[in-house]
Each structure stands twice: as structure tokens, then as C-alpha cells.
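This report covers helix packing, sheets, chain contacts and database annotations, in that order. The structure under discussion is shown next.

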Amino acid sequence: MATAEQTAGDQLPSPPATSTSRWQRLGTQLGLFRRSRIALVGLCLVGFWVVVALFADNCLVTPACYAGIVRGDDITTWATSDEYRSWLSRYSPVEQFRGRTREGPSWDHWLGTDTRGRDIWARLAHGSRLILTLAPLSVMVALLIGGTLGLLAGYYGGMVDEVTMRILDAIIAFPQILLYLVIIASFGASATNVLIAITIAGAPGIARLVRGLTLDIKTRDYVAAAQTQGERSWYIMVFEILPNARGPIIIDSMLRVGYAVFSIGTLGFLGLGLPPPSPDWGSIVQAGRSSIQAGRPWEALWGSLAIAMVVVGLNLIADGMSEETRRYR
Amino acid sequence: MLKLLLRRFLFLIVTLFAVSVIVFAISELAPGDMATNVLGNTITPDQRASFNAQNGLDQPALTRYRRWMLGSDREAARLIGAPVDRFYDAENNQTGWWVGGSEGTIYRHRSEDGETILQLERDTLPDGKLGPSRIVTLGDEIWVTNDEGEEIFWGVNEDGRAAMWIRGLNQSEERLTRAGWISTAGAPSAYIPLQKGLLRGDPGISLITRQPVIETLVPRLLNTLFLAGIAFVIIMPLALFLGVIAGLYEGRPLDRILSVGGLVATATPEFASGVFLIVIFAVWLGWFPGAVVIPPGTSIFEQPQMLILPIMTLMLVELGYVLRVTRASMSEVLRTNYIRTAVLKGLPYWKVIWRHALRNALLAPITVIMLHINWLIGGIVVVETLFGFPGLGSYVLASALNNDVFALQAATMILVVIAVVSQLLADLIYVYLNPRIRYT
Amino acid sequence: MKEDTTSRIHPGIEQAQAQLQQGRISRRDFLRVATLLGASLPFASVLAACGGGTTTTAPPPVDPVAPAEPAPGAIKRGGVLRVGIAVQAVDHPARFSWTESANAFRHVFEYLTETDENNITHPLLLESWEASDDLTVWTLKLRQGIKWTNGDELVAEHIRYNFGEWLNPDVGSSILGLWEGFLTIDGVEVVDDYTVRLNLNAPKLDVPENLYHYPAVIMHPSFNGDVKTGTNPSTGPYTLTEYVVDERAKFTRREDYWQLGDDGDPLPYLDAVEFIDLGTDRTSYVAAMQTGAIHTMYEPNVENYLSLRDDPNIVVYSIDTSQSRVLRMRVDQEPWSDNRVRTALKMCQDREQILSVAYNNEGLIGHDVHVSPVQPEFAPMDTPAYDPEGAKALLAEAGFPDGLSFNLSVGTGWADVVAYAETLQQDAQPGGFNITLDTMPNNAYWDIWTETTVGITPWTHRPLAVMLLPLAYIADEAGNPVPWNETRWVDEEFSTLLRQAQGTLDIEARRSLMADLQRIQNERGPVAIAVWQRVWEVFNPAFQGVVAHPTLHNQWLRVWYDPDLDPRA
């Protein structure tokens, strides 16, 4: 864990020297993967899909195109534009190959084709981009909201704490899936609403965690020191407390991203996910379920494998990190 | 201890209150008009206005929230000046609201011109059935002058809603009867849809089936509790056991297999693992039924073999998490000084484990298990959908997809109550198991 | 079935017989007209034999008289059929809007007529019918001695009661659309206890078929408004013993049903039929089929069919239909009011590809005309070509040189609708259309099906095109589109021709009218129809005497269970 001195160093205007130290620290953090074998395995699993997501097509260079893909509205352009095709995936996720429906893995179609004659690998690859954008994004927004609330509640205590936590407790009391159902059934299924639902469901848990950490750190000497120095509250919260709480928060976030991937898949299965022909993994598994019964497990198999890989990967990294923290405690 | 209990209980009430507000508010904020959502947008503005008035949707949100929670029958009984209650009409297989107490004659009202009120009377018979109906024309004395100087009459109309007629006001309204929309004259000017309220076990009428939600809800809830109960009883001890084993053999192959296997199973979505289980065990091997088929005249309780695959599916997802928590807790306890001391002191290894380690090691997982009920409910929604199981989970999903707001609200509230109460239990168990808290 | 051969033979029958002799119409066409006009099927077959001609323009070579009946000795009684099907919330049968509901209650209540799997209509509660030469007066003769479960005898007054319900706009029955402009309740005349006369305002050919429109079951006048209650008197072979919405229903054999089986005792052969609702997820039904928990399932889709067809424990029956997923465009909204835009979109359908992707090549190609090749009046047409270039040019001409983006409403519960939409989305791209799929659960789609601008609506099979077209493509007397006219398309010439066709008995004359109707709808119509679906019945082989019906209407009245053949027993 970072010490108070290191944190203080962050506040200085950054001379070149700090920049090297930053690299050094990044190096130390990456060292985690050298020291922890399970974290390394996790990194490989997640990293695989991150690479796939980045190079699923040559769209990376144009942010506008990328945004459009996440929104889902430019999806049809993939079918015709050769410029998007990358070394990683030769086909577009919506391109239908005549007479090649429902095939198993082959040289042309590495993972086979679906009921529409679309290349499953291309769909998985583009799906990874959707999933690996939506899931971390929703967790980040939840982190922003939940973190702020938790920080405020923990720091100020009293009524602020009581009221905030009671409301958040009410949201935590919901089984998450119910919250998704109520929200998405009321507001409709779209990428934005999926993001909102996951954010709302996740924020209270983060707030609770951050509040707990804040309560703990608040009692430390360096916070008291800052308070006597007359630093403003927001300054103490953002620059004294938050950096010292980041370890558990990062671990927690890792797990949350995993659950978000899982949740997006579940929503897709329940018919409340991203609209077709979106290649998100939940929809791929959902579409493949009826094929399993017809003796062609490929689509559902690859889809669930992909979801499992990312969730397991994130879990392993989180495991590795918490083991690491325990070791230095 | 008692103080703590009281405090927790108070929190529970506050939480549930907040939950009910949230559930109500989300449906409130949903875009679109409820009448249109339910009846389709081919309805005319007149029909929409009548529908809203009859179902109390034209009332302020606060009033509707109060009626939803506490009911509207007392308020209506006060206005009518006589008790109102629900009676079962066996002939039409229908339960409806009438004016009248538990015995004697019950009444409903109707007007064809806004001037005379016709009273529909039926006797309640000793065998619980209702006698034949007769119609009586009421005299002038029934009208009461209100603050605005209008002559009004409160009664219960033929649809079983409390209604207020204003004398001489012969207006027409649209009514959605079982035979479709009908335009009728002599319509009431105000309505109170009658219900006992969620707190008294009556969350209203389903907008889709037009039956009281509670009639569907209760059997569905029992089915779900049956499924979840069996799943819980099988999965959790198994998870704890395997977790303890993994913790004892930390770092060895057995531990690796268990914890990695658990992780992978947990990380595979139940909607995928469920189908693979169906294909393997139901289709290929033919060992278990692949869908929950409950023939008419029987209930799920008579056919527990239907539940094998749903429970296996739930097990795959739920087992891993608890297993991992138990394992972590166990290995942590084993590293503590007092266990080491005990072992070094020469106490038999298994005795140390059994007497000292286990109790402390199970502290964390048991709390986690109870908190995990929220997860179990999520799994149950998916599993019920996957296997066509007629439980609360599939009911929630269907209500959500059909925009059946009252059914969705009621089912959600019930599931949340289950979740919250289990969390309270978790707290209590934790307190009981943890001496440090118990004695402070 | 008894037939009084001395009764008057409708001149239309003689005319058709002449055409048959000359080989101008098929035997099947002849049988249809003859039975439609009141000749019983055996009698019509005799007439056909007199006509004797082999056919030259024969559509699918099906022999409609070939009985699917086995030797009487083979029939076994008893057994329970378990059906995987939605158990829906319903109240008034006249307002059924789902075949599932009708399939449930056709076990209990009956129709005046019955259209068989070959699209030929027979009398059921009726004994016979007769039409006046100009097709404006139809005399319906009731079968005598049919008893309701409450002991009453079925009489003409009961039929009038039902017409009263059907024709009452407040009831809101889709049956009303069929009679709009032809019949009011004043035209329903009770002649005697067993005779009802329909005095129509205009000639109408498809009266018997309309009497088999799926909500048109005959109810007793004491009907309490809720068909789910088991207390309503009924005439059918089963009585309702349990009905739990979304869960299950049970229909138990009635001992004194009026139709006799081949073994001389009253039908049905089965003891009971049970409906099991397994939710909206079709894979649950397939799993239940594969494990033998249910004996048949309602409306297997193509994926389900592929899953079940190779299963040795399941037999599959199939039939082509006039059922389709109709891409409909509202002509009262921009830019679809411009026929060029509609035509451009129609040109973007690669029909072969849609048939292959959405239906695994099971089905018939459509022509953007709501007349199916299985319907007798279909006039053969050329398959429209897939022409994205032409579509692009046409769009430019209509003022969209840069293409057109629009939302397509799609119910995700229909896998083939989604497949159709996705294929169209891709195939229409080069034609300049940028389609966004607006997806929703099926129920939500039914909430907006008449309102959405562009959407894909499933339409069920109708035996005659003249039955369907007036439901969806005309205006009522006040000039407003009829309730099911989801596209608001009202074409003067089309409506006039259709009215004419509805009153034209001569098959060739009607077919030439249909050729015009089809041309008009193809050229400026509001719908794109790429494919006519094939439907399947999937069954446990122990159930004998199963026939696939194009509307999946099934009462399983003559189905019997042979335990020796049950692979699960």
C-alpha cells in the first residue's frame, strides 16, 4: 500500500523526476504479475480479450467509428466496408455467408457459423469490444457516484451518513436482477439503460465499501494533521483519504467488472439486453441455446466460454492482488 | 442484545419503506402512459380517461402510494357509511367487492341516468355461496349534500369499485368489461378502486389477467420457496464442506481443483450451464426431466425429481462463491497463532480443527451465505425461465415484459422482503456466533 | 355425414363441374367451390368423378378425400395428451386474438363449420348450408339433436345470439371485420328452430370459411362473460376442468358428445387433453419434448424443428401455409406514403436468402402480396428480383439520394422475425436503407402492431385470400381503415376489385380478378412478404391419426393413443 509520504509527493507539481518515479511505481505494480502466478493467469485471460477487443477491426484509429459501434448504430456498415477488417478477424460480425449456416469450426470459420451464417469468431471479437467497454464503463460511473457518496457519508458522519446509508441500504436490499428488471422493463432495453441499471445496482455497494475505508482512514494521524493545518474537507477527502483507500477499491472494482460482464449476459438472455444484431456475448449464448438442442453446441459454448474467461480472469487478478496485500500487511 | 435486535428491526422497517418508495417511483418515472402501455395505443382518449379514473390513476402519486400500501377500503367504507368487503361468487368464479359485512345481504349499485340509483342485492348463504340477485330502486333519501352543495351518493358499482354519483349529472363513460369497451350512461363522477393494500396482503389487480395479483402470487411464491429452499439446503452445506476441505489442503492439488473448478462454474452464466446440463443429463443420458412440467391436478411438491436439473444449475453458479469464501476464511484461521499454539501444544490435529478452527472459520461464510440470498434470487429468475418453472421469478420476468405494473411491484416487494429478512437473520447469526459482539 | 342429394344443386357447382370437365380447374378447386356452396364432401367427390377430368393446373397434388383414417379395429381409447402451449388470459371468445386461446377452447366449444387441412370447409354444428344464386342469402341448417352440457338443445336462436356478440362493435371482435359491409344483426334471421338465414348486403363467397374464423365458437346465451370459468354450457367433446393462466389447463372427455368415432362410440378417443405452459422460452418446450415430458408442442419454430426432426422418439408432420411474417409500412406516415420508397424496400429483399437464413429453406417464396400459393385463388406471379441498385435509384428519385434510415419494430420472441429483420438489414444496406432494429418482447409488439411505422407482423394462415384481404387492406363504410388495417393502405381500385372477388363464384373469373388484385398490391401495396412459412406438428409417435393443419388449429378429436407405440412408456 502507498504510504502517506508517497501520497504527499503526488501533490507536488510534477517535475520530470516524478514522471520516472511514476513509471517505476507502475513497474512495481506490474511486478504483482511476476510474483503472483494466479494474477498472471488472470491477466492472460483478460488480456487476451482486451487485445481481441482492440484489434477486432481497424476501427481503433477513428474514435467516432468506435463510439458508433458501442452505440450499435453503425453496425450495418461493418458488413460492406473492407477497410474495417483486421488481421484478427477477417469477417464482419453481421456479414451472412450464403449456404454456410449452422457450421462447426472450420478453416474458413474458426469457431463455426451461427444460424444466420455469420462468423462466430467475428461476432465474439466484436462482442468483446462491446462488453469490455460497457462493463468497465458502468463500474467506473458507479465508482464515481458510489465513491463520492461513501466518502461524504464516512467523512462527515452524523445525519449525512445516516440518511445516505439508509437510502443506499434500500437499494442494496434489492436482489440486483430485480433492480435490472424493474429499471429496464420501465425504460426499455438499450446500451444506455443497461449501463444505467448496472450503475445504480453497483453504486451503493461501492459507497458502503468506501464509507468503511473512510471511517478507518479518518482516524489516522496524517488526516488529523491535515485537518489541523486547516486544509479544506474536499481536499482531505480527495487527496488524503481516497489514495489510501484505493487498494481495496481496485480489488472490489475488478470483481465488479466481472459481475457486470455476467449481468450484461444475463440481461441478454432474459431478452432485456442489447438489441439484435448486437454481437454481445449474452445474446450469442441466448441465440445458441436452441442450437445446442439440435446438436450444435458451438455458438453457446464459445459465448459462455468467453464470458467465463473474462469473469474468471478478473477474479484471479483480484485474488492475486488481495493475497499480495495480505502478504505485506 | 435486545437493543441491538430492536435497532436492526427498525432498520429493516426503514429499509423496506425506502424500497417500496423506490419501486413505486421507478414505475412512476417510466416513460409512457400506463393505460396505453396496458391496453395498447388503439384506445381513444375517452377510454383512457375512464380507465385512469376507474383505476385511480388520475389521483396524486401520494394518494396512490397510500392506497397501494394501506388499502382504500376503509376510506371508501367511511364515504359509503357501511363496511365494504370481498365476496366470492362461485358461479362466475370471481371475487369482488360489495357493500356489506360478513353476514346478511350485500349490495352493489348502478345508475342508468344519474338520477335514480338501482341497488343490486344478494344474500350470503350459510354454505358460503351467494343467493340470486335482485334489483331494488333506491329512493330520494339516499342522496347526501356535500360541501359544494351537490347531492351525492357513494356506493360500490358493478365492477366492484367504490363510486360516487352526483344527482342529476347524467354523464357517460367507457368501461372495459369482459365483453370489451362499453359506453354507459349514468356514470359515477369519482372512483376509489378497492383494495386492502400491500401491507394487508392485497397488492391490487393484475392489469393483464384482471385477477387479484395475490391469487397468482401465493402459489408461485410457494413453488419458488420450495425450489429455493431445497437448493439452499443442498448447496450451502456442500459448499461449506468443500470450502473447509479446500482450506485445509490449501495449495495442494485438491484445493486447486476445488477452487478453480468452483470459480469456473461460478463464472459460467447459469443460462448457458443450464442448457448444457439439459443436453447432457436430460437428452443424452435421459436421467432427469429437462423441463419442469407440472400436469394439471398435481403440484410441484409431488414431483421433486423435476427439480434436479434446476437445482444442479443453481448449484453450479452458487456453490463456487461460498466455497471460495469458506476456503479463504479457513486458511486464514489456520494461520492464526492460537491454532498454531494448539497444534504445537500437542492436541490432536482433527480435534483442533473441529473444536477451534471450524467455528471461527464458518463465521464469515455464514454471513456471506445469507447475503448471498440476493444472488440466489437472481439465479432463480434465470433458472425458472430456463426450465419453465411456474415460480415467482418467472412471474416477475413476465410481469416486467408485459408492463403489468401492479404484479411487478408486488412480486418485487415480496422478493425484497425475503432478501431483507434473510439479511437480518445473517446479522443475528453473526452476532450469535461472534462472542465479541454478543457481550458488548 | 348425411346428405340429402335431392336438395337443390347450386348453379355455381354445375358451372364449376363444367370447368372441371374441361380441365380448366383442378379437382381440388372444384371440391372447394362445391363444398363451399353446400354440397357435402362425399357428394362433391361424386360430382367431381362425374366431371372426371384429370387436372392440368393442379396445385400441390394432394387428394383431399383421402381419409387419414385407419382400419376401425386399430383404434384404442384412453390416454392423456399433454401439450406444451401458452395458457393465455382470455375472457370473451369472440375477442380471442391468439390461436393458442382458440386451440384451448375449441376442445370445449364448437364452430358452425370446420376448415380442414386442405383448406376445404365442412359443416360442423351445421348440417348443411345453401347460398342463393347471387350469393347474398345464405341459409344455414343446424344439425338437430345437439345438446349443450346443461341439457338445452342447440337451436337457431343461439346462433343469432352469437352473431349478436360478433357484430356488436362494443364486444370488439375481429369477426366484425369479416362481416363489415356485408351483414348487420338485422340481417340474421331465425327461420325456424334449426334454420338461420343470413341476408347479406352484398354477395359474399366465403361465408362458411368465416364461420370457422378462430374466435367464432358458438356460446350458449347464458355465457357469463368469462370463458375461463368451467361453468358455461358447451357442445364440444371436452369440458374444461382446470384453467390456470400462464400455467396449465385441463380438458376432460365428455361422455355424451354428438359425434361418433369409427368404433361406434362417442368421440373423442382420448380421456383428456392437458395444456402445459412452460413460459415464453421455446427451448423449455423443446427440452420437454426431447425428454418426453410433453407429447407435442405448439408451433415449433425452425430451430425447434431442426432440434426435433431427427429424434427417433418424435414424428414430424408438415404443411405449407398462407402464414407469413409481414413487413408492413404505414402509408399514412412519411416517407412511406411514397410508393417509391415502399417499392425500394421491397426490392431489397433477397427472398432466397431470407428463406434460407430464417427458415432453413423450409417454405415458399412470397411476392409482396398477401395471397399465398397454397390459396386456391392465387394467380401465379414472377418472383420479384433482389435489386439493391434499382432500389437505390428509386430512393434517390423519391428524394433520398443519400439513402434512408428508419426503425424497424421487431418482436424478439419470434426467432424467424429477428432472422428476417437481420437479413433484410444487411441486404438493404447496398440499396441505401440503414435499418435500426427496434426490438421488444412479443407482447410489447402486439401493443403497437397497428401503430408502429414499420414493423414485422406475424399473420396466421387463412384458407382463402378473400378472407384475409378484407381484414387488413380495406376501409369500413365510414371510410376509416378497418381495425386490423395496420398499414392504413386503402386503394380505391383494390377495394372495388376485392368486393367483386368476394362475390365472384366462377373460379377463373375470380382468379383473373385476383391477378389484378395481386398486381395492384405488388405494385403499390403497403407490405413486403418474402416467405410463406411451413408449419410443423411434432408428436410422440404413440399418438395416431395426427394431421398437420395449416393454422395449427387442433382439437385432436380423432387422435388416439396407442401405448404400444410409445417410446417413453
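## Helix packing in chain B

α1(B) and α14(B) are roughly antiparallel to each other. Their axes come within 10 Å and cross at roughly 160°; an angle over 145 degrees counts as roughly antiparallel, and the description therefore applies to this pair. The crossing of α1(B) and α14(B) is right-handed. On the α1(B) side the contact is made by B:L4, B:R8, B:L12, B:T15, B:L16, B:V19, B:S20, B:V23, B:F24 and B:S27. On the α14(B) side the residues are B:V405, B:Q409, B:T412, B:M413, B:V416, B:V417, B:V420, B:L424, B:D427 and B:V431. Sorted by class, the contact of α1(B) with α14(B) has 13 nonpolar, 5 polar and 2 charged residues. The model is a predicted one, and its local features need pLDDT of at least 70.

## Contact of chain B with chain A

The contact between these chains takes 35 residues from chain B and 35 residues from chain A. On the side of chain B that touches chain A, the elements giving two or more residues are α1 (2–29), α7 (253–267), α8 (270–284), α12 (373–387), α13 (392–402) and α14 (405–433) of chain B. The largest share of that side, 8 residues, comes from α1(B). Its residues divide into 28 nonpolar, 7 polar and no charged.

## Contact of chain C with chain B

Here 39 residues of chain C are in contact with 35 residues of chain B. The side of chain C that touches chain B receives two or more residues from each of β9 (248–253), β10 (272–276), α8 (282–290) and α14 (442–448) of chain C. α8(C) gives the most to this side, with 5 residues. By class, the side of chain C that touches chain B divides into 12 nonpolar, 13 polar and 14 charged residues.

## Sheet in chain B

An open sheet of 4 strands in chain B has the order β6-β7-β8-β11, and the pairing is antiparallel. β6 (144–145) and β11 of chain B are the edge strands, each of which pairs on one side only. Strand β7 (residues 151–156) is joined to strand β8 (residues 162–166) of chain B by 5 bridges. In this pairing B:W154 stands opposite B:M164 in β8(B), and B:G155 stands opposite B:A163 in β8(B). The hairpin of β7(B) and β8(B) has 5 residues between the strands, and in this hairpin B:G160 takes a positive phi near 80°. B:A162 has B:I192 in β11(B) as its bridge partner.

## Sheet in chain C

Chain C also has an open sheet of 4 strands, in the order β4-β5-β7-β6, with antiparallel pairing. Its edge strands are β4 (126–131) and β6 (188–192) of chain C, and each pairs on one side only. Direction ignored, neighbouring strands of this sheet are turned by 20° against each other on average. β4(C) is joined by 5 bridges to strand β5 (residues 137–142) of chain C, running antiparallel, and C:S128 stands opposite C:K141 in β5(C). Helix α5 (residues 156–167) of chain C packs on the sheet, where α5 touches β5, β6 and β7 (195–199) of chain C. The direction of this helix makes about 175° with that of β6(C).

## Annotated spans

The UniProt annotation "transmembrane region" (unreviewed entry) covers residues 38–56, 130–155, 167–188, 254–274 and 300–318 of chain A. For chain C, UniProt places the feature "domain: Solute-binding protein family" (unreviewed entry) at residues 122–456.

| Span | Helix | Strand | Distance between end C-alpha atoms |
|---|---|---|---|
| Residues 38–56 of chain A | 95% helix | 0% strand | 27 Å |
| Residues 167–188 of chain A | 86% helix | 0% strand | 25 Å |
| Residues 122–456 of chain C | 25% helix | 23% strand | 33 Å |

Key. Residues are numbered from 1 along each chain as its sequence is written. Chains are lettered from A and ligands numbered from 1 in the order in which they are written. This is a predicted model: local features need pLDDT of at least 70, side-chain atom pairs count only at pLDDT 80 or more; totals for chains, interfaces and linings use all residues. Two residues are in contact if their C-beta atoms, placed from the backbone, lie within 7 Å. Ala, Val, Leu, Ile, Met, Phe, Trp, Tyr, Cys and Pro count as nonpolar, Asp, Glu, Lys and Arg as charged, and the others, Gly among them, as polar. UniProt positions are given in the numbering used here, feature names are shortened, and annotations may be inferred rather than shown by experiment. Axes are lines fitted to C-alpha atoms, for helices over the stretch in contact, and angles run from 0 to 180 degrees between N-to-C directions. Angles under 35 degrees count as roughly parallel, over 145 as roughly antiparallel, 65 to 115 as roughly perpendicular and the rest as oblique. A crossing is left-handed if the near helix is turned anticlockwise from the far one by less than a right angle, and right-handed if clockwise. Two strands pair if DSSP finds at least two bridges between them.
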